[in-house]
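This report describes the architecture and side-chain pairing of one protein model.

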Amino acid sequence: MSDAIEKLYRETRAQSLAFCGPLNTEDYGLQAEPFVSPPKWHLAHTTWFFETFLLKPFLTDYVTPDSRYEVLFNSYYNGIGEQFSRHRRGLLSRPTVAQVLEYRSHVDHAMARLLAVGSHPDRGEILVRAVLGVEHERQHQELFFTDIKYSLAMNPMLPAFAEAALENKAEEALPLQWCSYVGGVVQTGFDGDGFCYDNELPRHKVFLESFELAHRLVSNGEYQQFIDDGGYRRPELWLADGWATVQAQDWQMPLYWRQREGEALEYTLHGLQPRLSATPVCHVSGYEADAYARWADARLPTESEWEYAAATDAAAGAPAAGAPATKGGVDEGYYHPRAAAHSEGLLQLYGECWQWTQSAYSGYPGFTVSAGAIGEYNGKFMSNQWVLRGGSCVSKSEQLRPSYRNFFYPQDRWQFSGIRLARNLAS
């Protein structure tokens, strides 16, 4: 097991650097808004995590290359101490990119020594924290893509992060179908022997009324119909806070949609591209997702409905006939959602867009926060956020499972977030 964890550590750390391959040196410091972080900071913070939670407590002769990094690269762990202001991370021209890479190398060598100590009295805890650190870095790999996309999109040149044309295998989205699920008492939460986050536990019982889910995500073409029908001008479709946000931000379309001389375009990590009608609509807020669902005479699913459907689909032998065996995601090197390619079963659960639910992000019955600063990882954010399920085209597919809970504020749009519809079903 320890050899497998050490290998996973090495591969994950190397992949973070590989993802940065297309960047120019100037790109490493980009921070267009306070809610995004520069690529250099992601590389440093994930390194800080291993240093703070493994090397300092468990490797007695470890010496940090710079004690100031403890403040500079602490994200939100109040139990550790002071943090450099999040909205000013883009001002950190020093340490340089080279120095951050040296920091990573320094920590990687120390981690190799720590993981090699098979007789360490805290061996079990070290391995648990090492896995958590890897999963944490994978989350920051996803944030790297969402953040660099937002920052590059602010450039009038609309540069491409990766050179590739968007695929257009389907002119129109598949006709929408509905998958039905009989209600009753079901189990929700992680069930297995592998890794999960604390917010996926404890597994518990939930009662569901009978419901149905759309078999695919809402498409660009369908969302355009919502816009054409005055969706952004009709207050009756919106939650009060959503309508206030639409007015304050002057939203008229999803975040990266563009109109140029009558042509429908979309900014992507592959540059400015023609907007494809069959592709899932992406980068919409929870408020937009909820308004669209109301317009479509439907609603957003609850997170328990989504999880039950996804787990049922998996238990039935998903993917369905004709579907690829992969969950998609970032390792395919195609950083944009793609249209559903077949018509059977529950499609696009993973690897295209995160899917908003109507569920508030809170702890499950019996949830307890872990002791110490590491307990700040999830529990402190269980306020005023909505749960998203599934995964996106920039998610690490190994992380994606029915019980995985993502969470963002309902006004957030820079994540790869889309819409899956739900409806009540008579029992």
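## The sheet β1-β4-β12

In this predicted model, three strands make up an open sheet in the order β1-β4-β12, and their pairing is antiparallel. Its edges are formed by β1 (178-181) and β12 (422-424), each of which pairs on one side only. From one strand to the next, the twist averages 25°.

Strand β4, which covers residues 211-214, pairs with β12 in the antiparallel sense over three bridges. Within this part of the model, Leu213 stands opposite Ala422 of β12.

## The sheet β5-β6-β7

A further open sheet contains three strands in the order β5-β6-β7, again with antiparallel pairing. The edge strands here are β5 (257-260) and β7 (271-274), and each pairs on one side only. The twist from one strand to the next averages 40° in this sheet.

Strand β6 (residues 263-268) is joined to β7 by four bridges, and the two strands run antiparallel. Leu265 has Pro274 of β7 standing opposite.

## Overall dimensions and burial

The protein chain comprises nine helices and twelve strands. Along the principal axes, its C-alpha atoms fill a box of roughly 65 × 55 × 40 Å. How does the radius of gyration of the protein chain stand against that of a compact globule with 427 residues? For a compact globule of 427 residues a value near 22 Å would apply, and the protein chain has 22 Å, so the two agree.

Of the 427 residues in the protein chain, 55% are buried. Among contacts with a separation of 6 or more, 79% are made by residues 24 or more positions apart.

## Salt bridges

Side chains of opposite charge can pair when their charged atoms come close. A search of the whole structure returns 23 salt bridges. One of them joins the side chains of Arg389 and Glu303, with an N to O distance of 2.7 Å. This pair links distant parts of the chain: Arg389 lies in strand β9 (residues 386-390) and Glu303 in helix α9 (residues 303-315), 86 residues apart. Are these two partners buried or exposed? Arg389 has 0% relative accessibility and therefore counts as buried. Glu303, at 6% relative accessibility, also counts as buried, because the limit for that class is under 20%.

Another salt bridge brings together the side chains of Arg234 and Asp229, at 2.8 Å from N to O. Arg234 has 25% relative accessibility, so this residue counts as partly exposed. Asp229 is likewise partly exposed, at 41% relative accessibility. The side chains of Glu332 and Arg338 also meet in a salt bridge, with 2.3 Å from N to O. Glu332 counts as partly exposed because its relative accessibility is 39%, and Arg338 is partly exposed with a relative accessible area of 24%. Elsewhere, salt bridges with shared partners join Arg13, Arg104, Asp108 and Glu137 into one network.

Leu127 is located in helix α5, which spans residues 123-153. Why does Leu127 count as buried? Its relative accessibility is 11%, and the buried class takes residues under 20%.

When residues up to four places away in sequence are not counted, Leu127 touches Ser2, Ile5 and Leu115. Leu127 and Leu54 are separated by 73 residues in sequence, and their C-alpha atoms are 9.4 Å apart in space.

Terms used: Residues are numbered from 1 along each chain as its sequence is written. This is a predicted model: local features need pLDDT of at least 70, side-chain atom pairs count only at pLDDT 80 or more; totals for chains, interfaces and linings use all residues. Side-chain values use heavy atoms; hydrogens and water are left out. A salt bridge is a side-chain nitrogen of Lys or Arg within 4 Å of a carboxyl oxygen of Asp or Glu. Buried means under 20% relative accessible area, exposed over 50%, partly exposed in between (1.4 Å probe, protein chains only). Two strands pair if DSSP finds at least two bridges between them. Axes are lines fitted to C-alpha atoms, for helices over the stretch in contact, and angles run from 0 to 180 degrees between N-to-C directions. The radius of gyration is taken over C-alpha atoms; the globule rule is 2.2 Å times the number of residues to the power 0.38. Contact means heavy atoms within 4.5 Å.
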